[in-house]
Amino acid sequence: MAITLDWIYELFLYFTLLHIDILFICTIYRNQDKDDLELIVSCMLQAIIYTWALIIKIFFKRVQAKRLGYLMEYLNAESRMHSAAGFTYVTIKESAALSNTWITVFMFCCYAGAGFWLFVPIFNQERTLPLACWYPIDYKVPIVYEIVYLLQVIGQLQIAGAFGCTSSFFLLVSLLFSGQFDILNCSLKNILAKTYLNLRKPMSELIALRDKQQSANSELNQYYSAKEHTTDLDCIPHLLDVKSSKPRSFYAAFKRAFVPCIIHHRYILSGLEELEKLYTFIWFLKTLEVTLLVCLVSFSWVKSTAANSFVRILSLSQYLILALWEMFMICYSGEIIFLNSQRCDEALQRSPWYLHSREIKQDVLFFILNAQRPFRLTGGKMCNLNVEKFRSILTTSFSILTILQKMDQRESHPK
């Protein structure tokens, strides 16, 4: 019974999106010969939004549900909260707090922006619908009007959820993996300190090693979001792994400290590969959708400004800001992953590894060569997600906007 009710509810939600999408397409078809470019553009805008929301819901609910669940389990089960023992340490706290702040603000703005359309008829004190489209029935009669209004309310709430949750989860995973890079970089920076701890070195040698590593602590922007804290040397004895035996050589102690870092690095890259597989196709479509959306919203915004419709201007402004904000978050996530994936070799070189270069030179150089290869999040393997891509989307959108404005001027002033 639960499965049946779940399917009925899910199909009802699909119906609310699909029927509104179809009605906007029908509105475009019925008005294509009336030379009302503003109406056609407005309907195209809503049709694109509802089509995208429908694709998103089916994609994550039915097509990629298993991969989505696996990524969540992978992130929760294997992520590290704290860097390895050493002279300094970082935690996941800052990246988790940053992701929570971004997600909370963005989700609130998504629901506020989509929900604002629902109050437009109330503000105008008219018996109209929030989304003006053609209906095959007279929707203004009692009961029918309330039902149609309710369906549009449910549709708008789904729009907010589909747009907000999809991008928020991507941003969340990107920021958390950036936090994992910070933890890994701190562990690599303190790799010799961990090796000395494994060898049960006396406090005098630990202090001497700390003094040689001290210069690296003053370097700025070592981490994306984490704050580095200094470990109290009086707590060093408590950081020793008393359960394991003392290594017989320096190289054995180094390997015991270095292997967990390599495993952690592979864990991060594997998780990012899963994120890429989950989102690459959908982000390719997203770049096309946002390009069209921005130019259509901008066109409608300009036309509404000329008509002095304050409520509509405010509604369109929210759509435009949210579309740009969402695309910026996606491109920014790809940018920070690209930059952080190249910093592991720098972190390892901040440790005074040269003091024991004869024993560990081969392992260090091999790791540096592998860590220098950047990881790129892409859209359909055709374009890299970065700030430059965001700029190109803006350029393309406003180029299309210029064409639409010229077409509108020709229709307004026929020869």
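Student: Which residues does Ser341 touch, not counting residues up to four places away in sequence?

Tutor: The model is predicted, and contact here means heavy atoms within 4.5 Å. On that basis Ser341 touches Phe181, Ala371, Arg373, Pro374 and Phe375. Ser341 itself lies in the loop between helix 10 (310-340) and helix 11 (344-349).

Student: Is Ser341 buried or exposed?

Tutor: A residue is called buried when its relative accessible area is under 20%. Ser341 has a relative accessibility of 2%, so Ser341 counts as buried.

Student: At what angle do helix 1 and helix 6 cross?

Tutor: Angles of 65 to 115 degrees count as roughly perpendicular. The axes of helix 1 (residues 2-30) and helix 6 (residues 144-189) cross at roughly 100° and come within 9 Å. Helix 1 is therefore roughly perpendicular to helix 6.

Student: Which residues meet where helix 1 and helix 6 are in contact?

Tutor: From helix 1 come Phe12, Leu13, Thr16, Leu17, His19 and Ile20, which meet Leu151, Gln152, Ile154, Gly155, Gln158 and Ile159 of helix 6. Sorted by class, this contact has 7 nonpolar and 5 polar residues, and no charged residues.

Student: What span should helix 6 have, and how far apart are its end C-alpha atoms?

Tutor: The expected span is 1.5 Å times one less than the number of residues. Helix 6 has 46 residues and should therefore span 68 Å; its end C-alpha atoms are 67 Å apart, which agrees.

Student: How many residues of helix 6 are buried?

Tutor: The count is 39 of 46, so helix 6 is largely enclosed by the rest of the structure.

Student: Which members of the largest nonpolar core touch the most other members?

Tutor: A nonpolar core is joined through side-chain atoms within 4.5 Å. The largest core holds 110 residues, and Leu188 and Tyr279 touch the most other members. Helix 9 (residues 250-307) supplies the largest share of this core, 21 residues. Setting aside neighbours within four places in sequence, Tyr279 is in contact with Phe60, Thr166, Phe169 and Phe170. A second, separate core has 6 residues, including Val90, Ile183, Cys186 and Ala226.

Note on methods: Residues numbered from 1 in each chain as written. Predicted model: local features only at pLDDT ≥ 70, side-chain atom pairs only at ≥ 80, totals over all residues. Heavy atoms only, no water. Axes fitted to C-alpha atoms, helices over the stretch in contact; angles between N-to-C directions. Helix = DSSP H or I, 4+ residues; strand = E, 2+ residues; numbered from the N terminus. Parallel < 35°, antiparallel > 145°, perpendicular 65-115°, else oblique. Nonpolar A, V, L, I, M, F, W, Y, C, P; charged D, E, K, R; others polar. Buried < 20%, exposed > 50% of the residue type's maximum accessible area, 1.4 Å probe, protein only.
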